[in-house]
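Dear colleague,

I am passing on the structure below, and after it you will find notes on what turned up in it. Please keep the two side by side as you read.

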Amino acid sequence: MTTRDIVGPLLLVENVSDVTYGELVELEFPDGTVSLGNVLEVNEDVALVQAFEGTRGANPSQTKVRFLGRGLTLGVSRDMLGRVFDGLGRPMDGGPEILPDVQRSIHGSSINPTARDFPDDFIQTGVSSIDGLNPLVRGQKLPIFSGSGLPHNQLAAQIARQAQVIGGGAGDFAVVFAAMGITFEDADFFMTELRQTAAIERAVLFLNLADDPAVERIATPRMALTAAEYLAFDCDMHVVVVLTDMTYYCEALREVSAARKEVPGRRGFPGYLYTDLATIYERAGRVQGRAGSITQIPILTMPEDDKTHPIPDLTGYITEGQIILDRALHRRGIYPPVAVLPSLSRLKQKGIGPEKTREDHADLSNQLFGAYARGIQAKELALILGEAALSDADKAFSAFADAFEDRFIRQGEHEDRSIEETLAIGWELMTLLPRTELKRIKDEYIERYLPGGAETAEETADAEEVTAAP
Amino acid sequence: MAELEQGRIVKVAGPLVVAEGLARSRMYDLVRVGDEGLMGEIIEMRGDRASIQVYEETEGLGPGDVVVSTGAPLSVELGPGMMGAVYDGVQRPLDALKVQSGAFLARGVSAPGLDREARWTFRATVDAGDRVEGGDVIGIVQENEVIALRIMVPPGIDGRIGEIGSGTYTVEETLGTLVADDDTEHALKLMQTWPVRIPRPYRRKLSLAEPLVTGTRVIDTFFPLLKGGAACIPGPFGAGKTVAQHQIAKWSNAEVVVFIGCGERGNEMTDVLMEFPELTDPYSGQPLMRRTVLVANTSNMPVAAREASVYTGITMAEFFRDMGYNVVLQADSTSRWAEAMREISGRLEEMPGEEGFPAYLGTRLAAFYERAGKVATLGGPLEADAEERQGSVSVVGSVSPPGGDLSEPVVQNTLRVVKVFWALEDRLAYERHFPAINWLVSYSLYLDKITPYWREAVSDEYRARRDKCMELLQRESELAEISRLVGVEALSPEEQIIMETAKSIREDFLQQNAFRDDDQFTSLVTQDRLLRVILLFHEKALQAQAEGAPLKEIFDAPVRERIARAKYTTEETDVFSQIESDIETQLVADGGEAGEV
């Protein structure tokens, strides 16, 4: 067995026998360092090996390659809670080795679609722009699309800290955190946040930081999800998995693909990026007959804030919605800077309503969306024509949009709003609009929940005059 | 048949396996790979080396592993037991797999497409001695309360019925014989098989005339699809494509629905699986699953099976068409199918066409959509006085253009072959205008074909009203640009009324809430009625304005709120008459000096 070529993270090994696709490989470089890899392709007696920890120090003549006869696995156990691992699942917190309950392939198996249970338990994150408008449910995968310099880490940490299921059946809770290519500072921020609330005891962390080998990142989210599946479906826990940053993950995939000289798809990313991402994101969910669940919050930074870039684009096609952060809101000092209009939670219809949140939730959130969209339009119009050119109704909507951003979207990093508080703010904002414009809300809810009850019509007329004043 | 040929793997690269020693196998033959017997299909041959796309995860396979050719192409089993079933891309019943391997799909498990144990009551409708040919109905299996499965002679054989008996049979048992003219005897069974990549034969294609009613107003009135036609829904993510498709599956007036979840989300399939059994088919009063076949190959299931799934689905659809049913097939999403083709093509190291897609992308897409259509089937008519048996397959394919870019190859190649385009737009979805179908970009080339039907079944003015509304919407988009620049006040009163009416069309007609019981379905007659009310307001508003009524009073007329809510009043025509008389009184009386008209 000899290594012939070394190209980037790949080694071409000749004269191999009994090698299988996906097999785990141990590499020993001339300086004695030992690292891991796996088989990407095997053609007769030639194997293409991807080295997870890079090929620095390798040379063709003296590199020893051992095929281990099994795929890449992770030994999982309940004892992983509270521990920190590297990107390949080896403890890095100085603690003892994990005594695995069972070894699992990190690739998992697809959940049989007929065995899935539909996610419909509302998770209260305490963040109005999410709970009120784009609610998260157990078993959902809801990514945060962000850009460099935006507070996505704060938001993800806030969700991880505050997330709870209201009502009965709260169950055991755990957080699995997978860092791919982020800086030590970012990882440290999460650990500190989790430590402050003692949530670290319920957390498992997998860290592949910016200075760790890039190819290792391809294994990291799969390690994390293998641990999450064990906790969710063997230990009946409700697991929130934070994957950050998926952009670096995809770039690692591109690096390997380029080294293999594969035909590239858009922006040089491999044609199988969609399928590959699906094998990660689709591991979220609930399974019939098991108490636990996996909820995923992947974070990705959009290059140049471009939503049509292949990474956010393909992610959006797999995940059940997206929370998009907006630079303009951030510049105006609004936290969390959630761009409400393009954000979406596809599963919200199932997670809200009577017995889940409240009967008026769906109608109210539709109306808030519609009114905010119209307010934004009115403000754009005012920019061109001046405030005075707006109709009375448009003025009301414009004022509504400002109040909405200031009171509904804006909240503190440690402010945990209950769903009732969130809805109450929404209804309060409704008083800024003429009642005839509340077309998306059933009359009975307007009567029941709109502050002011019967006299509302006159009140809104007043409000209109106030906002119409220069 | 020759003994099964056996080869050995020489190369494994992802879902693609190359094996040698398969010189006698043919393109698209089905093979079994490795000790676990994973299913695969030959997609390229060089000498005795065959490239095989494997329908399952290939980890653990290596050179030297055995490949056995089955000598037959990938086929589906057609017969009783398909209704309500959930299959993967190669017709493995997912329920049966769940029993075998639990909640997670294990490798190498398999189960036949049709249950071998189930017994079905067969009632023969022909007698011994009758002359039959391929496609002729020889009996009925009442599969459930909704669907009567017509058992047909498989295409390609004809002769006299030797013997036949009513009774209960499994799908494999012989229920009768057919004796060909050369005295060869064919066993007749409840089940037949058909290779998925070959369209099932029919007598001839027919031109289309009847609408596929969906109850979704923007579709039925503005951009209708015909039974046997093909439509395309693109949708950048978040535009509500899936909801639109579910609506069609739930409400369309087809007897059978085939839904292919091709490379889409697992939870979405779960949603269908959990919701359809709960839903009542508005036409039969029975659960919707009774007339539905699902093919579920989610995005994380093997990519090669995704490539096969659309063929599996459409072959099943054609089978029901051949019985004389109208079938609607939904493929969600054909982009994922195209991507599967691209992935396999890349592994074959083929020279790519646009954006890495294979050069044959356009051909494959066109060939797939061409399997839609209304046909005169093989075999005799269902009723003695009819001339022929007719059935149809309507195809609604969704595409998921990257970044919402409609110029990409999958969309462009699809638009060349489909006649209806429902342009879902995320911008409309942000404004919560659902269904987010852009009325200015979408089109239906079936309008002229459908008009005679509308005239007969709805009203003489329906088409004219629809066109009038389209014109108003078009005018609105032009006026909106002007008003953006110089303000609404700069428009003439007539133009302002046009803007208001167009807004009313958008909000009170086009917008439809799929999750509200009183809004999700509107019959054609009620759709026409709604248009009538909206246009009456428009006409009266113009009239009142001309006679001196101030615009503000017209726009603030109390009846407008009633118009806005008219769509929720479903099928009660009283409500419409009431609104209409209110329009007459309010718009005129409020105008002061206008007086009676």
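To begin with a single spot in chain A, A:D245 sits in the loop that joins β17 (237–244) to α5 (246–259), where helices (H or I, at least four residues) and strands (E, at least two) are DSSP runs numbered from the N terminus. The peptide bond that leads from A:T244 into A:D245 is cis, with omega near 5°. This is a predicted model, in which local features need pLDDT of at least 70 and side-chain atom pairs count only at pLDDT 80 or more, whereas totals for chains, interfaces and linings use all residues. Residues are numbered from 1 along each chain as its sequence is written, chains are lettered from A and ligands numbered from 1 in the order in which they are written, and side-chain values use heavy atoms, with hydrogens and water left out.

Two other backbone features of chain A belong beside that one. A cis peptide bond also runs from A:Y335 to A:P336, with omega near -10°, and A:P336 is found in the loop between α8 (327–331) and β21 (344–345). A:K261, in the loop between α5 and α6 of chain A, has a positive phi near 60° although it is not glycine. As background, most residues other than glycine have a negative phi, and most peptide bonds are trans.

Turning to the interface of the two chains, 76 residues of chain A and 75 residues of chain B take part in the contact, which means heavy atoms within 4.5 Å. Chain A and chain B bury about 6300 Å² between them, 52% of it from carbon and sulfur atoms; buried area here is the accessible area (1.4 Å probe) that two parts lose on being put together, summed over both. Of the area that chain A buries against chain B, 13% comes from A:Y21, A:P113 and A:Y317, more than from any other three residues.

Across this interface the rule finds 5 salt bridges, each a side-chain nitrogen of Lys or Arg within 4 Å of a carboxyl oxygen of Asp or Glu. A salt bridge links A:K350 and B:D271, with the closest N and O atoms 3.0 Å apart. The helix that gives the most residues to the side of chain A that touches chain B is α10(A), with 8. The chains also meet through strands, as β4(A) and strand β1 (residues 6–13) of chain B pair in the antiparallel sense over 2 bridges, at least two DSSP bridges being required for pairing. A:V42 is placed opposite B:V12 in β1(B).

Within chain B, the division is into domain 1 (6–73), domain 2 (120–191), domain 3 (204–446) and domain 4 (462–586), with bounds from an automatic or database domain assignment. The centres of domain 3 and domain 4 of chain B, taken over C-alpha atoms, are 32 Å apart, and 20 residues of domain 3 are in contact with 24 residues of domain 4. These two domains of chain B bury about 2100 Å² between them, 62% of it on carbon and sulfur atoms. B:R217, B:F222 and B:W439 account for 38% of the area that domain 3 of chain B buries against domain 4, more than any other three residues. The count between these domains is 1 salt bridge, and B:R217 forms a salt bridge with B:D519, the closest N and O atoms being 3.1 Å apart.

With best wishes
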